[in-house]
Amino acid sequence: MADYHVLLLGAPGAGKGTQSKRLAEAFDLEHVTTGDALRANKDVETEYGTPREYMDAGELVPDEVVNEIVEEALSAADGYVLDGYPRNLSQAEYLSDITDLDAVVYLDVDEDELVRRLTGRRLDPETGDIYHVEFDVPDDEAVRERLVQRDDDTEETVRERLRVYRESTEPVIEHYRERGELVEVDGEGSPDEVFDRVAETIRERA
Ligand code: AP5
């Protein structure tokens, strides 16, 4: 296992999940994702309610819940690619107290493209693999037939997630940019092309 600490930032649908999976494999890193961790525990009661109440509305789950998930996952990983966190400045501050980062990569994608990617996204419930009805259709018919849509990928919730992103997460991007840590990568083009750009950035930085 490599010990690179990689943070992958980007709007909903920018390709963080798609690229994190590939990076984790290519660089032998742990994929730490708050989205997947919360989806696996959507109906667990906390003192703030269940994650589902926030996620299905496109809102952020309270920091207290998410910080704990991240701290536990990072303490168990040597090298990691972190995806979906931090999403506001208070999470960014928490992160800087618990770890250091070798590369902060921002995937830049146009908003119309984000909506197209999210509303067409499908998941394989057996493997967790990510597909798209137009851009990435599985070859295997059995896989095609079992694909499902995420509860928060309806157009209305997607718009709300993008609003929350602009309000809470864009200041995080600005925070890393001001510190000179942010590397912006063009997130458009095929997943292979985007992967090559991100991988090169990580090799240069880490
Ligand atoms: P989360 O699961 O983190 O969702 P997100 O940030 O909205 O990001 P997505 O998973 O939607 O997109 P992605 O960038 O991973 O894109 P993907 O690779 O799948 O969070 C969900 C919810 O959980 C939040 O709304 C919130 O409620 C809660 N939450 C999570 N973290 C939290 C935190 N830290 N604090 C508080 N709450 C939190 O790609 C999208 C689609 O595009 C796919 O279909 C894919 O096949 C396709 N695609 C990917 N790359 C390309 C390409 N290059 N060309 C064409 N298609 C492509």
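The legends below describe views of a predicted model of a single chain.

**View 1. Overall fold of the chain, with its 9 helices and 7 strands.** The C-alpha trace spans about 45 × 40 × 30 Å along its principal axes. The radius of gyration is 16 Å, which agrees with the value near 17 Å that a compact globule of 206 residues would have. Among contacts between residues at least 6 apart in sequence, 69% join residues that lie at least 24 apart.

**View 2. The largest nonpolar core of the chain, made up of 47 residues.** Leu 9, Leu 23, Tyr 176 and Val 198 are the members of this core that touch the most other members. Helix α8, which covers residues 155-178, gives the most to the core, with 6 residues. In soluble globular proteins, nonpolar side chains tend to be buried together. Over the whole chain, 47% of the 206 residues count as buried.

**View 3. Surroundings of Val 198, a member of the largest nonpolar core.** When residues up to four places away in sequence are not counted, Val 198 touches Leu 8, Leu 23, Val 105, Leu 107 and Val 185. Of these, Leu 23 is itself listed with Val 198 among the residues that touch the most other members of the core.

**View 4. Accessible surface and charges of the chain.** The accessible surface comes to about 10600 Å², and carbon and sulfur atoms account for 42% of it. The chain carries 23 positive and 55 negative charges, and the mean positions of these two sets are 4 Å apart.

Note on methods: Residues numbered from 1 in each chain as written. Predicted model: local features only at pLDDT ≥ 70, side-chain atom pairs only at ≥ 80, totals over all residues. Heavy atoms only, no water. Helix = DSSP H or I, 4+ residues; strand = E, 2+ residues; numbered from the N terminus. Rg over C-alpha atoms; globule rule 2.2 N^0.38 Å. Buried < 20%, exposed > 50% of the residue type's maximum accessible area, 1.4 Å probe, protein only. Contact = heavy atoms within 4.5 Å. Areas by Shrake-Rupley, 256 points an atom, 1.4 Å probe, with all protein chains shown as cover. Lys, Arg positive; Asp, Glu negative; His and termini not counted. Charge placed at Lys NZ, Arg CZ, Asp CG, Glu CD. Core = buried A, V, L, I, M, F, W, Y, C linked by side-chain atoms within 4.5 Å.
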